[in-house]
Amino acid sequence: MVLEVLKENGTSKHMLEHRAQTLWHTVMGPTVNKATTSVRVRDGIMYVGLNSSVVRNELFHLKGRIIAAINKATGQDVITDIRFL
């Protein structure tokens, strides 16, 4: 009953997006975390602020693998795209 109400209100989607956002640091590890300035998710798109153009370029080339890893960690296909800022 509670899950049905959450799904109807879109809250479960919001909760999954928040979980994906918090999993960024776990999935990516300490090296990338040092270059990460912000992470947010909206409508399935993860926006990641980075302070290094070198790291941004490397992550851009790995975007598909990163999306797959984050979705695997959340248990659902939550993230559809990542934008590196």
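## Exercises on a predicted model

Trp24 touches Val32, Asn33, Thr36, Val39, Met46, Val48, Leu59, Ile66, Ile70 and Phe84, leaving aside residues up to four places away in sequence; contact means heavy atoms within 4.5 Å. The model is predicted, with local features needing pLDDT of at least 70 and side-chain atom pairs counting only at pLDDT 80 or more, while totals for chains, interfaces and linings use all residues. Residues are numbered from 1 along each chain as its sequence is written, and side-chain values use heavy atoms, with hydrogens and water left out.

**Exercise 1.** Determine the strand order and pairing of the sheet.

*Solution.* Step 1: strands (E, at least two residues) and helices (H or I, at least four) are DSSP runs, numbered from the N terminus. Two strands pair if DSSP finds at least two bridges between them.

Step 2: the 3 strands form an open sheet in the order 1-2-3, with mixed pairing. Strand 1 (36-42) and strand 3 (81-84) each have a single partner strand, so these edge strands are left without a neighbour on one side. From one strand to the next, the twist averages 15°.

Step 3: strand 1 pairs with strand 2 (residues 45-50) in the antiparallel sense over 6 bridges. Ser38 has Gly49 in strand 2 as its bridge partner. Helix 4 (residues 63-74) packs on the sheet, touching strand 2 and strand 3, and its direction makes about 120° with that of strand 3. Axes are lines fitted to C-alpha atoms, for helices over the stretch in contact, and angles run from 0 to 180 degrees between N-to-C directions.

**Exercise 2.** Identify the residues with the most contacts inside the largest nonpolar core, and the elements that supply it.

*Solution.* Step 1: such a core is a set of buried Ala, Val, Leu, Ile, Met, Phe, Trp, Tyr and Cys residues joined through side-chain atoms within 4.5 Å. Buried means under 20% relative accessible area (1.4 Å probe, protein chains only), exposed over 50%, and partly exposed in between.

Step 2: the largest core has 19 residues, and Trp24, Met46, Leu59 and Ile79 have the most contacts inside it. Two or more residues come from each of helix 2 (11-35), strand 1, strand 2, helix 3 (53-61), helix 4 and strand 3. Helix 2 gives the most, with 5 residues.

**Exercise 3.** Describe the surroundings of Gly44.

*Solution.* Step 1: Gly44 lies in the loop between strand 1 and strand 2. Its relative accessibility is 4%, so Gly44 counts as buried.

Step 2: beyond four places in sequence, Gly44 touches Glu17, Val78, Ile79, Thr80 and Asp81. The C-alpha atoms of Gly44 and Val78 are separated by 5.7 Å, although 34 residues apart along the chain.
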